[in-house]
Amino acid sequence: MTSDTILRVAARGDGVTADGRHAAFAAPGDSLHADGTLSHGPHHQTPPCRHFPECGGCQLQHLDDEAYAAFVTDRVASALAGQELAADLRAPLVSPPDTRRRATLHAEAKGGRILLGFTAEKSHAIVDLRECHVLAPALFAIVAPLRGLLQSLGFRRRGDVHLTLADQGLDVMVSNLTADGLDAAEAITAFCERHGVARFTIDGGYGLETRWEPRPVTITLGGQPVPLPPASFLQATQEGEDALVAAMREATQGAGTIADLFAGLGTFSLALPARVYAAEGARDALAALKAAAGRAQLPVFTEHRDLYRRPLTVAELDRFDAIVIDPPRAGARDQAEALAACQAKVIGYVSCNPSSFARDARLLVDGGWRIDWVQPVGQFRWSTHVELAARFVR
Ligand SMILES: C[S@@+](CC[C@H](N)C(=O)[O-])C[C@H]1O[C@@H](n2cnc3c(N)ncnc32)[C@H](O)[C@@H]1O
């Protein structure tokens with residue numbers, strides 16, 4: 001190995017040599033020459049998609065599976081090292097290709113055509129998606145027909161297209177779309193019938209309007225059908241959800257009472273065999289969780305609560321055997337301060353941002369907690385977006 005060998009891939013996706021030089025689209029084992037060119041090594045693969053690297057959906061398709069898995073682990077390890085923390089890192093769980101069941105695409109009318117896809121890397125330009133190796137086939141299959149529908153509805157603006165694979169089929173939500181009149185209504189109905197769409201919702205600027213939903217749309221979590229509000233948060237793949245749920249079941253094993261903070265639709269609340277208190281800031285998600293738990297007669301107690309403005313106090317946390325926390329990307333600094341001081345036996349922390357996790361973990365460790373294990377999770381395959389689950393004990 002020489003000084004120009006790429007040793008690792010940095011958080012943003014560039015390869016880094018032993019002497020600290022960065023190179024775009026370089027895999028570990030590649031060689032970076034003085035003129036800036038690369039010779040490919042054993043971990044460089046031919047990117048499977050024609051849109052790589054233009055499309056912002058993937059940054060790391062040039063890494064083989066081994067190098068991508070190493071990136072996922074390294075991302076977690078280096079975030080921890082940045083806070084002078086070390087932990088037992090488990091082997092990463094990486095979702096297979098073609099499994100993303102939730103995605104936000106962007107649509108725009110341009111030059112008489114409809115562009116529909118992810119935005120380009122570091123740009124607002126839309127990459128018109130002609131193939132995709134991360135979306136579940138049902139999501140990709142609707143892309144071309146949706147272009148046709150938007151064209152026929154005279155879509156002239158730019159909007160987001162939220163796609164989610166629900167129990168009944170595909171849930172589609174398009175923002176900045178107006179569809180007035182009988183012709184538009186018939187076009188939407190015909191489109192949904194032909195393509196087996198479960199729900200079609202538009203937001204023309206006056207709130208959500210559901211234009212098609214022959215049966216109430218649900219998502220099954222913990223074996224329970226949960227009413228699915230349009231464009232709700234959902235773990236990006238079933239494999240990712242399974243990995244995170246298994247980690248939280250293991251982390252909280254034996255706990256009789258659990259607080260699930262940032263509970264969403266109840267991914268964890270409905271899957272944990274305990275009395276669960278679920279706190280969440282999105283009213284529609286919490287109402288869905290409450291309805292599902294009520295129907296199944298599960299001991300889940302919900303509270304609509306802004307956990308940034310009003311985190312659980314130490315006294316509130318002390319009532320539980322275990323705490324599960326799964327905050328947004330920013331992490332949960334104030335809540336972590338209270339957790340650091342609480343008497344619960346165990347904390348299960350799920351994170352979509354290793355950096356904010358490491359900062360919160362530092363607070364917990366300074367408060368006398370110890371990291372038992374960390375499970376890296378790669379739900380957003382080939383992207384630099386890494387998730388994890390961790391267990392803290394005293
Ligand atoms: C990463 S998601 C996790 C959801 C759920 N645990 C799951 O796995 O499906 C984060 C959740 O935090 C909620 N959230 C965001 N800001 C919040 C706040 N200030 N207070 C409470 N919940 C908030 C979001 O609505 C979202 O449901």
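## What you're looking at

This is a predicted model: local features need pLDDT of at least 70, side-chain atom pairs count only at pLDDT 80 or more, and totals for chains, interfaces and linings use all residues. Residues are numbered from 1 along each chain as its sequence is written. Helices (H or I, at least four residues) and strands (E, at least two) are DSSP runs, numbered from the N terminus.

## H9 and its two helix partners

Let's start with H1 (residues 65-82) and H9 (residues 354-366): their axes come within 8 Å and cross at roughly 40°. Axes here are lines fitted to C-alpha atoms, for helices over the stretch in contact, and angles run from 0 to 180 degrees between N-to-C directions. On the H1 side, the contact is made by Arg75, Val76, Ala79, Leu80 and Gly82, and on the H9 side by Pro354, Ser355, Phe357, Ala358 and Ala361. Being in contact means that the C-beta atoms of two residues, placed from the backbone, lie within 7 Å. Sort the residues of this contact and you get 7 nonpolar, 2 polar and 1 charged (Ala, Val, Leu, Ile, Met, Phe, Trp, Tyr, Cys and Pro count as nonpolar, Asp, Glu, Lys and Arg as charged, and the others, Gly among them, as polar).

Now for H8 (333-341). H8 and H9 pack at an angle of about 20°, with their axes 8 Å apart, which makes H8 roughly parallel to H9. H8 also passes H9 in a right-handed crossing. Here the contact pairs up Arg333, Ala336, Glu337, Leu339 and Ala340 of H8 with Arg359, Asp360, Leu363, Leu364 and Asp366 of H9.

## The spots UniProt flags

An unreviewed UniProt entry lists Gln235, Phe262, Glu280 and Asp326 under "binding site". UniProt positions are given in the numbering used here, feature names are shortened, and annotations may be inferred rather than shown by experiment. Phe262 is in the loop between strand S15 (257-261) and strand S16 (275-280). Is Phe262 buried or exposed? Phe262 is buried, because 22 other C-beta atoms lie within 10 Å (20 or more makes a residue buried, 12 or fewer exposed, and anything in between partly exposed, with C-beta atoms placed from the backbone). Not counting residues up to four places away in sequence, Phe262 touches Glu280, Leu307, Ile325, Asp326 and Pro327.

Asp326, another residue on that UniProt list, is in the loop between strand S18 (322-325) and H8. With 23 other C-beta atoms within 10 Å, Asp326 is buried. Leaving out residues up to four places away in sequence, Asp326 touches Phe262, Phe268 and Val350.

UniProt, again in an unreviewed entry, puts an "active site" at Cys352. You'll find Cys352 in the loop between strand S19 (346-351) and H9. Cys352 counts as buried because it has 20 C-beta neighbours inside 10 Å. Setting aside neighbours within four places in sequence, Cys352 is in contact with Arg329 and Glu387.

Most residues other than glycine have a negative phi, and most peptide bonds are trans. So which residues does a cis peptide bond join in this model? Phe52 and Pro53, with omega about 5°. Pro53 is in the loop between strand S5 (38-39) and H1.

Gln297 isn't a glycine, yet has a positive phi of about 55°. Its place is in the loop between helix H6 (283-295) and S17, and Gln297 counts as exposed, with 7 C-beta neighbours inside 10 Å. Trp382 has a positive phi too, near 70°. Trp382 is in the loop between strand S20 (370-378) and strand S21 (387-393), and it's buried, with 24 other C-beta atoms within 10 Å.

Definitions and conventions
Angles under 35 degrees count as roughly parallel, over 145 as roughly antiparallel, 65 to 115 as roughly perpendicular and the rest as oblique. A crossing is left-handed if the near helix is turned anticlockwise from the far one by less than a right angle, and right-handed if clockwise.
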